[in-house]
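Q: Hey, can you walk me through this one? I'd like to start with how the two chains meet.

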Protein chains: 2
Amino acid sequence: MAENRAILYAYWLSSCSWRVRAALHFKGIPFEERSIDIVKTNQQKTEQFRAINPAQKVPALVIDNVTLVESMAIVQYLEDTHPEPALTPKTPVLRARMRELCEVVVSGIQPLQNIGLRSHFDTTEQYTKFTKYWTDRGLKTLEDLLQKSAGKYCVGDQITLADLCLVPQLYNAVTRHALDISKYPTVSKLYESLLKENVFKETHPESVKSKM
Amino acid sequence: MAENRAILYAYWLSSCSWRVRAALHFKGIPFEERSIDIVKTNQQKTEQFRAINPAQKVPALVIDNVTLVESMAIVQYLEDTHPEPALTPKTPVLRARMRELCEVVVSGIQPLQNIGLRSHFDTTEQYTKFTKYWTDRGLKTLEDLLQKSAGKYCVGDQITLADLCLVPQLYNAVTRHALDISKYPTVSKLYESLLKENVFKETHPESVKSKM
């Protein structure tokens, strides 16, 4: 029934929204996506949306009669409540390897290239220089860390939360920041393979946009 | 035996180091702290430390014959391998509430006030304005979110990972950024109570510094 579907408040180009959209798709959880335009009309700043997320950011997910915010809190809630198919490895060390990679993206790259930072710089050039520096530095760290964990995907041969963080961030790096990721061979190879997986094809921003 | 103790590479003033130091203390895991001076002598940039953490950041933890990096990956590894005393609530919704708070600090505040950003701004004034804006915005979000979860601590009456994120970030906000946190009554009250808890008294930067 439609009433029982989860509601994802998201923006098609938002990397944090993509993490949650991919987790919902991977686990086969029925959901309806409602677009919050954070770029042109600033819908995240309305009082209506503030009631959903006081931080006035996407994504937010209404599920099981609760409203959850912060993408990493949401995807881990989905993992807790819908453990299969799993998005986390079985051993503590592999889970730590996965979380190291997630954190490099979540705290090391994403906040420092966010579109919300633009107005804090005098010129677009300053903003671009800043975002490119931190994205590039994060990608270098990912390349190093992946030597310890990568298989077919970021951690061995299982799609995990690390892949859900990596793909959207690389899409940003390549399309929005026009970064050359070929100097990071492991990162590049994983990105190319992962984009062919259904979970990323079906939840890709371009796919979401085409249905809007 | 000394050889079996975990080794924490950390800096006394680093908020991310404090998260891990507090988790180790809370769980009663024996550890030795080795100081990496990230401010005066840039020890994190040496080749020796790069072998420990390719991201050249603190903290890093050597435990169970593996080297782990990224504070949130480390504290969750400790929670996985030493589940008692617990630092996470028992229900999925409360765990999500905890993680929402963690994420506001970990991705919403900490990266945007990090000392490493200073060199990216022309003047100290620009850097200060930027860091204060994002810290203040994050604290406002925390104040809002805490209305749903706070009890004696951030999530009910149990010390959790959210408290381990909150206290070090507030210490930075108050001491380094000289922010007035009294306009956030829930945040302020929690900070004051938490600082009286042994886990934060024993692992406080001033306590670490006094032993150096």
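This is a predicted model: local features need pLDDT of at least 70, side-chain atom pairs count only at pLDDT 80 or more; totals for chains, interfaces and linings use all residues.

Q: Which residue of chain B meets Asp80(A) in a salt bridge?

A: Arg95(B) does. The N to O distance is 2.7 Å.

Q: Which helix gives the most to the side of chain A that touches chain B?

A: That is α4(A), with eleven residues. Among the elements that supply at least two residues there are also β4, α3 and α5 of chain A.

Q: How many residues does the contact take from each chain?

A: It takes 44 residues from chain A and 44 residues from chain B. The buried area between them is about 3,700 Å². Carbon and sulfur atoms give 61% of that.

Q: Which residues of chain A lose the most area to chain B?

A: Arg99(A), Glu103(A) and His120(A). Together they make up 13% of what that side buries.

Q: New topic: the sheet. What is the strand order in chain A?

A: The order is β2-β1-β3-β4, in an open sheet with mixed pairing.

Q: Why do β2 and β4 of chain A each have one side without a neighbour in the sheet?

A: Both stand at the edges of the sheet, each with a single partner strand, so one side of each is left without a neighbour there.

Q: And how do β1 and β3 of chain A run, parallel or antiparallel?

A: Antiparallel, joined by three bridges. Leu8(A) stands opposite Leu61(A) in β3(A).

Q: What packs on the sheet?

A: Helix α1 of chain A, residues 15–26, which touches β1, β2 and β3 of chain A.

Conventions: Residues are numbered from 1 along each chain as its sequence is written. Chains are lettered from A and ligands numbered from 1 in the order in which they are written. Side-chain values use heavy atoms; hydrogens and water are left out. Two strands pair if DSSP finds at least two bridges between them. Helices (H or I, at least four residues) and strands (E, at least two) are DSSP runs, numbered from the N terminus. Contact means heavy atoms within 4.5 Å. Axes are lines fitted to C-alpha atoms, for helices over the stretch in contact, and angles run from 0 to 180 degrees between N-to-C directions. Buried area is the accessible area (1.4 Å probe) that two parts lose on being put together, summed over both. A salt bridge is a side-chain nitrogen of Lys or Arg within 4 Å of a carboxyl oxygen of Asp or Glu.
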